[in-house]
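Colleague: I have not seen this structure before. Please show it, and then I will ask about its contacts.

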Amino acid sequence: MSRLASGVVLVTAQEASLDPDDPNAPGGEDVGMTATAFLSVSLDPPLVMVSVREGSRMDDLLAEQPLWAVSVLAEDQRHIASRFSMKNRISDRLLFADLPVVRGEASDAPLVGGALATLECRTEQLVTAGDHTLVIGRVLTATTPNADAGPLAYFRGRYRQLG
């Protein structure tokens, strides 16, 4: 499958506060994950799908949090893809610290500035498939903040640019 080129996205969601009843407790934490298994499923209704590793933090979060977002990364955003694909990280707080993001209106999840496109989704279905969960989401909002840039691609185990 390394011979199949794919686009690169950052999937984000907001984890709820650990103690929502305590007004002094820190708010929710942003969580992000690089994905190359992302695709359009349907135009009517608008559905997309992302594949997440079973038992990962994002898998656990999306099993509880139905709202999430996707930023389709541009060719100059390789550093973002690399940052959020690191294994065994403790917290995503530092990973988001210096990224230009805006909050999604529907999901409150971070959307990366300079992305080719951004989508906000609500989970419609979770499907177990081997060691992954296929998360099918209904698209709630879609924008193209940087529609003129080229896409970041993944091919033969490396990030690449088209052309």
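**Salt bridges and a sheet**

Modeller: The side chains of glutamate 15 and arginine 57 meet in a salt bridge, 2.7 Å from N to O. A salt bridge here is a side-chain nitrogen of Lys or Arg within 4 Å of a carboxyl oxygen of Asp or Glu. This is a predicted model: local features need pLDDT of at least 70, side-chain atom pairs count only at pLDDT 80 or more, and totals for chains, interfaces and linings use all residues. Residues are numbered from 1 along each chain as its sequence is written, and side-chain values use heavy atoms, with hydrogens and water left out.

Colleague: How many residues apart in sequence are the parts that glutamate 15 and arginine 57 tie together?

Modeller: Helices (H or I, at least four residues) and strands (E, at least two) are DSSP runs, numbered from the N terminus. Glutamate 15 lies in strand S2 (residues 9-15) and arginine 57 in helix H1 (residues 57-64), so the parts tied together are apart in sequence by 42 residues.

Colleague: Is aspartate 98 buried or exposed?

Modeller: Buried means under 20% relative accessible area, exposed over 50%, and partly exposed in between (1.4 Å probe, protein chains only). Aspartate 98 has a relative accessible area of 55%, so the residue is exposed.

Colleague: Which residue in S11 is the bridge partner of serine 6?

Modeller: Two strands pair if DSSP finds at least two bridges between them. S1 and strand S11 (residues 152-155) pair in the antiparallel sense over two bridges. In S11, the partner of serine 6 is tyrosine 154.
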